[in-house]
Amino acid sequence: MTLAQGRYSLAMTRKRQYGEVANLLQGVVNVLEHFHKYMGIPQIRQLSERVKAAQSELGTQILADFEEAFPSQGSKRPGGPSNVLRDACLVANVLDPRIKQEIIKKFIRQHLSEYLVLFQENQDVAWLDKIDRRYAWIKRQLVDYEEKYGRMFPEEWCMTERIAVEFCHITRVELAKVMRTRAKEIEVKLLLFAIQRTTNFEGLLAKRFTGCTLTDIPGVRKRPESPLESTNPFLEDEPGEDGGTEKDEDLAKPRKPKAPDNPFHGIVSKCFEPHLYVYIESQDKNLGELIDRFVADFRAQGPPKAGTEEGGAVLPSCADLFVYYKKCMVQCSQLSTGEPMIALTTIFQKFLREYAWKILSGNLPKSSSNSGGLTISSLLKEKEGSEAAKFTVDELCLICSILSTAEYCLATTQQLEEKLKEKVDKVLVERINLTGEMDTFSTVISNSIQLLVQDLDAACDPALTAMSKMPWQSVEHVGDQSPYVTSIIMHIKQNVPIIRDNLASTRKYFTQFCIKFTNSFIPKFINHLFRCKPISMVGAEQLLLDTHSLKTVLLDLPSIGSQVLRKAPASYTKIVVKGMTRAEMILKVVMAPHEPPVVFVDNYIKLLADGNPETFQKILDMKGLKRSEQSSMLELFRQRLPTPPSGADGGPSLSFSTPTPEQESSRIRKLEKLIKKRL
């Protein structure tokens, strides 16, 4: 029976009755598969060889039929669809897969041969400005194919998609070739136009096809293509295809972001990637011009004014910068998520630094280094409004505004880094690093705080100098706080509320300012205390009262002059209490009688917990002791020092329990009562 089928099949082949051949041949092939293990039997082996020969003859004949109907060369017009060729395709499904592949290849090559002629490199229509014509051509061809040949090939061959895919491969190669030749003519607007039109076309492919032919995997069933109807996206007009012009801003970005599941994304547009340096260079130029405009606007409009809504606020230019960054990032990610994104990141880094230098650091007011020294009489004049040059209210406002802007930039740069990492190819994520730029903005913040601290610090310096030059040995009675204290408090009340109000949106940096000022002022105050020598008992009491007044003001510093009473941060309060308590302890030791020496030394060690002989000698100087008395005291001091812990390095380091703030406050209250009684 099989032999008879084989003979009949050969007869049908010669008559080109491929429909019957397909059914018979499939039956023969199925039977032979069952007898595969019996190929050792001569008759079966002969039959198998005859079937293979018949298949080979069939394949050659079918290829010849297709070549005749669709010649790859020559002037003969391609033939129309025929039932013979349709049935031949059914036979090809049973033959060696190479026959089917050859049929597909020949047909597509012939179908696209006109395209290669019309759009060859030397044709005017081949350039990027007329790229729409390429896509319009293939859409017409696909509609024409469906109308003429749609039923000739089996649905599972997905011929419409294969034609479109081959068109894409050819177009990518041809565009790459013409762009290499005319690279100097590629301008950013033209490039973005071509990319936009191409990505739109790739989006249309995704609507129409599944992408199954992009990875032909044997055994995987392919979704049949839907017939081209009136809703076919290839028949839809794209904006701008009718020759109309678009707005410039529309050309600056692809119309839609790529769909993450679009298998056709990049199938043509990949050819533009080597030329995206044109886009990157244009962004470099645009951002340079943007920064220059920011600088010019700042000069023209001037810094933000105190007492206005802009006072201390984030500079609007930084928001403009990051809005532009976001637009660039989204745009570039639609063009490429590879190396161009890394190049764009480098541009971003460059202009973040330029913004930090030119707009922020470059506009910080310069601090005055010449604060000079003041006497008591000049302090009194200071109270009347005549004082050394320091930052104006507008300058303080500007510093706060720059600080707030740097904080905004710091936080937004971190978000920018995260977004860039999300959009770039995974293998390139490690190359996205904006830590250096974040550090730059942190430096601007630190410098701004330091300027505010230095300004208030410098304003207080003349008062401290005046304190150290007062004749403390001649003070006869304890009165109100000294003029130098009034001067310091006045400066604090002038500066701090302005700074606090202008840093209302960045409270943590106002706290940092308070902490840094206190960390600077208290050691300086103690150093000036040591210069107050010699000191009488009454002079020490007056200094103690002054110290307590300063301590009270410092504790209240974060909310001084504020309508809203807010408790100072514990970290800040701890610094003030520790530092000013030390100043109070120094004065208490100075007030204590130095006889008997042992009691005095032990009292010093207990109150100050300082094993440094130099500090002890400064106390003795403040008391006005002669050098001969100091020598014996220093010797006794060394003898009475506790033994440092075993293995301790360096000089003596003592650890004593110091009085709590509550205990010290109680002692101060007692001292104040004593002072009032004396008065």
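Two rings of Phe, Tyr or Trp (for Trp, its six-membered ring) form an aromatic pair if their centres lie within 6.5 Å; planes under 30 degrees apart count as stacked, over 60 as edge-to-face, and the rest as tilted. By this rule the structure holds 20 aromatic pairs.

The structure is a predicted model, in which local features need pLDDT of at least 70 and side-chain atom pairs count only at pLDDT 80 or more, while totals for chains, interfaces and linings use all residues. Residues are numbered from 1 along each chain as its sequence is written, and side-chain values use heavy atoms, with hydrogens and water left out.

**Aromatic rings**

Helices in this report are DSSP runs of H or I with at least four residues, numbered from the N terminus. Helix α17 spans residues 507-531. F517 and F521 both lie in α17, 4 residues apart, or about one turn of the helix. F521 and F525 are likewise both in α17, 4 residues apart, about one turn of the helix.

| Pair | Centre to centre | Angle between planes | Class |
|---|---|---|---|
| F517 and F521 | 5.6 Å | 20 degrees | stacked |
| F521 and F525 | 6.1 Å | 15 degrees | stacked |

Are these residues buried or exposed? A residue is called buried under 20% relative accessible area, exposed over 50%, and partly exposed in between, using a 1.4 Å probe and protein chains only. F517 and F521 are both buried. For F521 the relative accessible area is 0%, and F525 is buried with 0% relative accessibility.

Elsewhere, ring pairs link Y115, F119, Y135, W137, F167 and F201 into a cluster. A ring may also have a charge over its face, which requires NZ of Lys or CZ of Arg within 6 Å of the ring centre and within 35 degrees of the ring normal. R182 sits in this way over the face of W127, at 4.1 Å from the ring centre.

P534 lies in the loop between α17 and α18 (537-555). The peptide bond from K533 to P534 is cis, with omega near -10 degrees. Most peptide bonds are trans. A cis bond is also found from E595 to P596, again with omega near -10 degrees. P596 belongs to the loop between α19 (570-591) and α20 (597-608).

S536 is in the loop between α17 and α18. Because its relative accessibility is 17%, S536 counts as buried. Contact means heavy atoms within 4.5 Å. Not counting residues up to four places away in sequence, S536 touches W472, Q473 and V475. S536 and P471 are 65 residues apart in sequence, yet 9.5 Å apart in space, C-alpha to C-alpha. The side chain of S536 also reaches the backbone nitrogen of G539 at 3.0 Å.

How many of the 19 residues of α18 are buried? The helix is mostly covered, with 16 of its 19 residues buried. The expected span of a helix is 1.5 Å times one less than its number of residues. For α18 this gives 27 Å, and the end C-alpha atoms are 27 Å apart, so the two values agree.

**T413 in helix α14**

T413 is placed in helix α14, residues 393-423. T413 is buried, with a relative accessible area of 0%. Leaving aside neighbours within four places in sequence, T413 is in contact with F322, L352, L434, E437, M438 and F441.

Conventions. Helices (H or I, at least four residues) and strands (E, at least two) are DSSP runs, numbered from the N terminus. A polar contact is a pair of N or O atoms within 3.5 Å; within protein, one must be able to donate a hydrogen and the other to accept it, and residues adjacent in sequence count only if both atoms are side-chain atoms.
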